[in-house]
Structures are given as C-alpha cells and as structure tokens.
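Please examine the sequence and the structure shown below. The briefing after them is arranged by topic.

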Amino acid sequence: METPSYRYFVKNVLLLGIPIALQSLLMSSLGFVDSLMISQLGTEEVAAAGIGARIFWVSIVLVWGLGSGMGILLAQYWGANDEKGLKRYLALGTGVTQGLAFFCFVLCFFMPTLLPSLFNPSETVLALASDYVQLLGIAMCLSGLVSPLTQRCAQ
C-alpha cells in the first residue's frame with residue numbers, strides 16, 4: 001500500500017479546513033458586523049446589539065462545543081469502522097445538540113427580556129435588545145441543526 005504524499009494531505013486538510021474556518025469566522029464576526037451596521041442608528045441600538053451578540057455567542061459556544069465533542073467521538077467510531085455505533089451516537093449527539101438549541105430558542109423567543117435584563121440596561125435598551133434576542137432565538141434553533149451536520153460532514 002502506497003503512503004499518501006504530503007501534497008495529498010495538505011489538499012485534504014484545506015478542503016476540509018477552509019469551509020469550517022469560514023463558517024467559524026462568519027459566526028464569530030456576527031457581533032462586529034451588527035455593531036458596524038447599527039452604529040449609524042444610535043448608542044442605544046448599539047448597546048442592544050451588543051447585548052444580543054453576547055447572548056448569541058454564549059449559546060453558539062455551547063451548541064458548537066457539544067457538536068465538536070460529538071465529532072471527536074464520531075471520528076473514533078469511524079476509525080474503528082463501527083457503523084452501528086457511528087449511527088447511534090450521531091443520532092444521540094444530534095438529539096442532545098438540537099435539544100440545547102431548542103432550549104436556547106424557547107428561552108430567547110418566549111422570554112426575550114429574561115437574559116438581556118441580566119446586563120442591567122435602561123428600559124429603552126432592554127426593549128430593543130429583547131426584540132433582537134427574539135430574532136436571534138430563531139438562528140439559535142437553526143444552528144442546532146447545522147452543528148451536528150457539519151461535524152458529520154467533516155468526517
């Protein structure tokens with residue numbers, strides 16, 4: 001059996017790494033882009049977007065952390081050619097990740113003032129932040145679907 005070349009290895013790493021790095025860059029730059037676009041509206045709007053970005057970032061870290069942990073376990077099953085274990089833990093990890101994302105969605109969509117009020121904003125900023133957090137709740141729910149699929153596709 002022929003040993004793969006260095007060029008083959010680098011090509012595969014780039015094919016997998018570049019899309020994942022771009023996705024991470026887009027997710028982490030959400031707060032910056034929001035602040036940049038909203039900065040022309042006023043300071044209260046910027047403060048509300050900052051609060052929303054912090055809440056979104058924490059939830060995304062939790063969901064992506066679970067997805068990454070699942071990816072490590074799935075890689076072990078993949079390497080052992082254990083298709084039954086791979087399918088079982090992919091389903092379990094997807095369910096747990098989606099459950100956490102759905103919990104974040106419910107928290108943000110149905111109780112939008114709960115998390116922003118932890119930052120002690122003024123009433124105006126709280127109203128703006130709660131509207132924004134409600135919209136971010138939908139994105140959090142969708143991220144729970146994307147995270148396990150990304151980890152599986154990286155296999």
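Predicted model: local features only at pLDDT ≥ 70, side-chain atom pairs only at ≥ 80, totals over all residues.

The chain has 155 residues, of which 30% are buried.

**Overall fold and surface**

- Among contacts in the protein chain with a separation of 6 or more, 77% are accounted for by residues 24 or more positions apart.

**Helix H1**

- Helix H1 covers residues 6-28, a total of 23 residues. At 1.5 Å a residue it should span 33 Å, and the distance of 31 Å between its end C-alpha atoms therefore agrees with that expectation.

**Nonpolar core**

- The largest nonpolar core has 14 residues. The members that touch the most other members are Ile51, Ile55, Phe56, Cys108, Leu136 and Met140.
- Helix H3 (43-79), helix H4 (83-110) and helix H5 (123-154) are the elements that each give two or more residues to this core.
- Leaving aside residues up to four places away in sequence, Phe56 touches Met27, Leu30, Leu136, Ala139 and Met140. Two of these partners, Leu136 and Met140, are also listed with Phe56 among the core members that touch the most others.

**Cysteines**

- A disulfide is a covalent bond joining the sulfur atoms of two cysteines. A search of the whole structure finds zero disulfides.
- Cys104 is in no disulfide, and the nearest cysteine sulfur, that of Cys108, lies 6.4 Å away. Because a disulfide requires two cysteine sulfur atoms within 2.5 Å, the 6.4 Å between the sulfur of Cys108 and that of Cys104 is too far for a bond.
- Cys104 counts as buried, with a relative accessibility of 10%. Cys108 is buried as well, at a relative accessible area of 2%.

**Positive phi in the loops**

- Most residues other than glycine have a negative phi.
- Asn81 is not a glycine, yet its phi is positive, at about 55 degrees. Asn81 is placed in the loop between H3 and H4. With a relative accessible area of 71%, Asn81 is exposed.
- Asn120, also not a glycine, has a positive phi of about 55 degrees. Asn120 belongs to the loop between H4 and H5. Its relative accessible area is 72%, so Asn120 counts as exposed.

Key. Residues numbered from 1 in each chain as written. Heavy atoms only, no water. Helix = DSSP H or I, 4+ residues; strand = E, 2+ residues; numbered from the N terminus. Expected span 1.5 Å × (residues − 1). Buried < 20%, exposed > 50% of the residue type's maximum accessible area, 1.4 Å probe, protein only. Contact = heavy atoms within 4.5 Å. Core = buried A, V, L, I, M, F, W, Y, C linked by side-chain atoms within 4.5 Å.
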